[in-house]
Amino acid sequence: MRIVLGLFLIGHALIHAGYLSPAPPKTADGPEWPFVMAKSWLVTGLGIGPEVVRVLGTALVILTLVTLIGAGLASIGLVVPNAWWPQLAVSGAVASLAVLLLFFHPWLLLGVAIDLGLLYLVLLANWSPVEVGIP
């Protein structure tokens with residue numbers, strides 16, 4: 001189960017890389033690309049330019065990738081010490097929430113739910129895959 005959790009966290013992190021990749025070509029009947037950093041409902045309302053928004057978004061995405069991949073590896077017990085899991089999971093979930101809320105798209109609500117669930121498990125339930133001895 002720890003491997004499943006670790007792979008799930010790594011997968012959740014890698015979804016955020018969509019913000020750093022170019023959007024695929026649009027098709028007549030294709031869906032809208034949800035990973036757009038060109039505009040942010042929150043930041044552009046404050047009059048901040050798109051260049052600053054992109055830099056801020058890129059930094060948050062990189063932070064999300066590093067921390068959630070680290071949390072995934074820590075839950076597996078590979079490369080990253082298990083003791084780092086709670087800090088990495090919380091900081092990854094907060095960074096992910098910041099990205100998903102700054103550049104909101106309705107398709108990304110599942111990601112918000114994942115982050116909120118992760119924060120609940122670590123901060124309120126004091127849960128850790130290491131401490132409960134998940135095989």
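Val-79 is exposed, with a relative accessible area of 75%, where exposed denotes over 50% relative accessible area, buried under 20% and partly exposed the range in between, computed with a 1.4 Å probe on protein chains only. The residue lies in the loop between H2 and H3, and its phi is near 70°, a positive value in a residue other than glycine. A positive phi also occurs at Asn-126, near 55°. Asn-126 belongs to the segment after H4 and is exposed, with a relative accessible area of 59%. Most residues other than glycine have a negative phi.

The model is predicted, so that local features need pLDDT of at least 70 and side-chain atom pairs count only at pLDDT 80 or more, whereas totals for chains, interfaces and linings use all residues. Residues are numbered from 1 along each chain as its sequence is written, and side-chain values use heavy atoms, with hydrogens and water left out.

The protein chain contains four helices and zero strands; helices (H or I, at least four residues) and strands (E, at least two) are DSSP runs, numbered from the N terminus. Along the sequence the pattern is α-α-α-α. Taken along the principal axes, the C-alpha atoms of the protein chain fill a box of roughly 50 × 35 × 25 Å. Of the 135 residues, 39% count as buried. Among contacts (heavy atoms within 4.5 Å) with a separation of 6 or more, 70% are accounted for by residues 24 or more positions apart.

Helix H3 comprises residues 85–102. Its 18 residues should span 26 Å at 1.5 Å a residue, and the end C-alpha atoms are 25 Å apart, which agrees; the expected span is 1.5 Å times one less than the number of residues. The buried residues of H3 are Trp-85, Leu-88, Ala-89, Gly-92, Ala-93, Ala-95, Ser-96, Leu-97, Val-99, Leu-100 and Leu-102. These buried residues pack against H1, helix H2 (50–76) and H4.

Ser-96 counts as buried because its relative accessibility is 0%. When residues up to four places away in sequence are not counted, Ser-96 touches His-12, His-16, Thr-64, Leu-68 and Asp-115. Val-99, also found in helix H3, is buried with a relative accessible area of 0%. Its contacts, leaving aside neighbours within four places in sequence, are with His-16, Tyr-19, Leu-60, Val-61 and Thr-64. Val-99 and Ala-59 are 40 residues apart in sequence, and their C-alpha atoms are 9.6 Å apart in space.

The axes of H2 and H3 come within 8 Å and cross at roughly 145°; axes are lines fitted to C-alpha atoms, for helices over the stretch in contact, and angles run from 0 to 180 degrees between N-to-C directions. H2 passes H3 in a left-handed crossing, a term applied if the near helix is turned anticlockwise from the far one by less than a right angle, with right-handed used if clockwise. On the H2 side, the residues that meet H3 include Leu-56, Leu-60, Thr-64, Leu-68 and Ala-71. Their counterparts in H3 include Trp-85, Ala-89, Gly-92, Ser-96 and Val-99. By class, this contact of H2 with H3 has 15 nonpolar, seven polar and no charged residues, where Ala, Val, Leu, Ile, Met, Phe, Trp, Tyr, Cys and Pro count as nonpolar, Asp, Glu, Lys and Arg as charged, and the others, Gly among them, as polar.

Helix H1 (residues 2–15) and helix H4 (residues 109–124) have axes that come within 11 Å and cross at roughly 135°. That angle makes H1 oblique to H4, given that angles under 35 degrees count as roughly parallel, over 145 as roughly antiparallel, 65 to 115 as roughly perpendicular and the rest as oblique. The crossing of H1 past H4 is left-handed. Phe-8, Leu-9 and His-12 of H1 make the contact with Gly-111, Ile-114, Asp-115 and Leu-118 of H4. The residues of this contact divide into four nonpolar, two polar and one charged.

Val-122 is placed in helix H4 and counts as buried at 8% relative accessibility. Leaving aside neighbours within four places in sequence, Val-122 is in contact with Trp-85, Pro-86, Ala-89, Val-90 and Trp-127. The C-alpha atoms of Val-122 and Ala-89, 33 residues apart along the chain, are separated by 7.6 Å.
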